[in-house]
Amino acid sequence: MSARPNFPEDPHRPRCHFLPPANWMNDPNGLIQWEGQYHLFYQYNPAEPVWGTMHWGHAVSDDLVHWRDLPIALAPTPGSLDEAGCWSGCAVDHEGIPTLIYTGLKQNRESVCLASSTDGLITWVKKEIVAAPPDDLGPLLGFRDPYVWREDSTWYMLIGTGVQNVGGAVLLYRSADLVHWEYMHPLLTGKAAESGAMWECPQFFRLGDKHVLVVSAIVHAYAMYFVGTYEEHTFTPESQGLLDLGLFSDGAYFFAPATMRDDQGRRLMWGWVREGRGEANQKAAGWAGVQSVPRVLSLQAGELTIKPAPELAALRGDRRQFGPMEIAPTETGLLEGVQGDCLEIRATFAPGADAERFGIEVRCSPSGEEHTAIFYERGYLGVDCDYASLDDAVYQGVLGDRMPLEEDEPLELHILLDRSVLEVFANGRACITARIYPSREDSLGVRLFARGGSASLETMDVWPMKSIW
Ligand code: FRU
């Protein structure tokens with residue numbers, strides 16, 4: 001794998017998550033496994049660490065953990081429908097030819113473009129395929145982020161949009177050849193007050209015996225899913241939820257997720273993890289935007305479960321084990337022998353804690369000025385970022401949502417801490433992604449805590465995580 005000496009002095013730059021060599025990244029795009037290798041394309045501005053004229057960056061992995069950079073896959077072509085940007089889209093296998101279907105941008109107009117490669121996904125030949133949205137829907141907010149799949153010999157495509165004064169929507173198209181497309185109907189339309197004015201980055205796939213539709217709702221940016229049934233090209237949602245509970249003032253840290261089915265039949269998802277500090281800091285850092293770790297989706301008893309890919313265990317160093325132990329409210333000390341800014345933690349707390357709030361603090365400075373608490377409080381799962389950093393430019397806030405546990409159900413936390421990125425998975429059914437940027441070099445401690453009563457830890461394993469580069 002390529003060595004990446006970039007920004008060796010930057011204490012906030014993640015070491016175990018994918019990000020480009022420098023500059024700006026947003027959405028994951030065109031996820032596909034080709035001849036065994038995982039390909040990750042991504043929204044990339046190679047010119048600066050802020051959003052701008054978008055390209056498709058490209059990286060490849062044999063194991064879902066280590067990545068190698070490949071040349072930029074798509075760049076705007078002057079005079080064509082993508083002259084102002086190559087925006088998000090997907091990848092399919094078209095009769096043995098890797099094919100990208102993506103959004104072209106020209107003078108604020110969005111269209112659907114295609115690109116295919118005959119040299120092993122390195123160079124791409126483009127074609128313009130759907131220049132404009134159907135006109136019988138009235139004025140639309142956006143027409144972008146095509147998602148394509150095949151049923152028997154017919155191709156289907158979803159496009160994200162918003163119907164003015166109604167809400168976010170995804171439009172369904174069909175095609176026999178991937179080039180000529182016929183508009184069918186909206187697959188789903190939301191209500192603006194409930195789920196945003198526009199839906200970006202639709203994803204649609206079978207999971208177990210159901211179908212799942214994922215959309216990224218704006219203006220307040222967050223990723224949602226609907227689980228339902230799909231028959232006769234009609235989707236009937238039966239339940240819905242947020243894919244990640246890490247919402248701050250500007251939306252969710254985890255946004256615009258994309259998914260793929262891999263050779264093992266798993267549904268994998270990556271999402272863009274946004275920055276939690278202002279543009280001036282991004283410019284000073286020289287990079288912005290991270291991909292989440294790959295998350296595996298499945299359905300259990302009709303409920304969506306989300307877990308980090310098991311392959312990430314390859315990054316584990318020596319394990320430290322704790323528990324069983326009681327955590328009393330007087331407990332204040334940091335755990336001995338556990339320190340770090342790149343840690344994997346798995347902890348199980350016994351059901352029925354009498355503590356009001358309990359959990360784990362990470363990135364703790366020795367006297368506690370900085371710390372980030374992952375907590376459970378009376379049915380609420382949260383990450384408290386109010387003391388994560390003494391730096392005023394860093395966004396604060398308590399992230400989370402209700403996650404009730406059954407009476408006899410333990411709380412199972414799976415935490416991936418990678419410098420400024422924190423991903424928390426709880427009981428396979430809730431995720432919270434957060435960004436933290438502790439300012440002190442010694443904010444490396446880990447602490448168990450309980451407030452207003454005690455809690456009991458059944459087991460806890462902690463591993464330092466090795467760099468993926
Ligand atoms: C989502 C998004 C997409 C668009 C892309 C542009 O973050 O706004 O809708 O295609 O980013 O970079």
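The structure is a predicted model, in which local features need pLDDT of at least 70 and side-chain atom pairs count only at pLDDT 80 or more, while totals for chains, interfaces and linings use all residues. Residues are numbered from 1 along each chain as its sequence is written, and side-chain values use heavy atoms, with hydrogens and water left out.

Taken as a whole, the protein has two helices and 36 strands; here helices (H or I, at least four residues) and strands (E, at least two) are DSSP runs, numbered from the N terminus. A compact globule of 469 residues would have a radius of gyration near 23 Å, and the 22 Å of the protein agrees with this. That radius is taken over C-alpha atoms, and the globule rule is 2.2 Å times the number of residues to the power 0.38. Along the principal axes, the C-alpha atoms fill a box of roughly 70 × 45 × 40 Å.

Of the 469 residues, 59% count as buried, where buried means under 20% relative accessible area, exposed over 50%, and partly exposed in between (1.4 Å probe, protein chains only). The accessible surface comes to about 18600 Å², and 47% of it belongs to carbon and sulfur atoms. These areas come from the Shrake-Rupley method with a 1.4 Å probe; for residues, only the protein chains shown count as cover. The protein has 37 positive and 64 negative side chains, with the centres of the two sets 2 Å apart. In this count Lys and Arg are positive and Asp and Glu negative, while His and the chain ends are not counted; each charge is placed at NZ of Lys, CZ of Arg, CG of Asp or CD of Glu.

Eight of its nine residues are buried, so β11 is largely enclosed by the rest of the structure. Two strands pair if DSSP finds at least two bridges between them, and β11 has partners in both β10 and β12. Nine bridges join β11 to the antiparallel strand β10 (residues 154-163), with Gly162 and Gly168 as bridge partners. The hairpin of β10 and β11 has three residues between the strands, and Asn165 takes a positive phi near 65 degrees there. Strand β12 (residues 182-189) pairs with β11 over six bridges, again in the antiparallel sense, and Val170 stands opposite Leu188. Six residues lie between β11 and β12 in their hairpin, where Leu178 in the turn has a positive phi of about 75 degrees.

Thr229 stands opposite Thr236 of β16. Two residues separate the strands, and Glu232 has a positive phi near 50 degrees. His233, found in the loop between β15 and β16, has a positive phi of about 60 degrees although it is not a glycine. Most residues other than glycine have a negative phi, and most peptide bonds are trans.

Strand β30 (residues 380-384) is mostly covered, with four of its five residues buried. Five bridges pair β30 with β29 (residues 372-377) in the antiparallel sense, among them the one between Glu377 and Tyr380. In the turn of their hairpin, which has two residues between the strands, Arg378 has a positive phi of about 45 degrees. Five bridges also join β30 to the antiparallel strand β31 (residues 398-402), where Asp401 stands opposite Leu381.

Finally, some single residues deserve a visit. Phe322, in strand β25 (residues 320-322), counts as buried at 12% relative accessibility. Phe322 and Leu457 are 135 residues apart in sequence and 8.4 Å apart in space, C-alpha to C-alpha. Beyond its neighbours within four places in sequence, Phe322 contacts residues including Leu335, Leu457 and Met460. The peptide bond from Gly323 to Pro324 is cis, with omega near 0 degrees. His12, in the segment before β1, is buried at 13%, and its contacts beyond neighbours within four places in sequence include Trp287, Arg419 and Tyr437. Arg419, in the loop between β32 and β33, is buried at 16% and has a positive phi near 55 degrees.

Note on methods:
Contact means heavy atoms within 4.5 Å.
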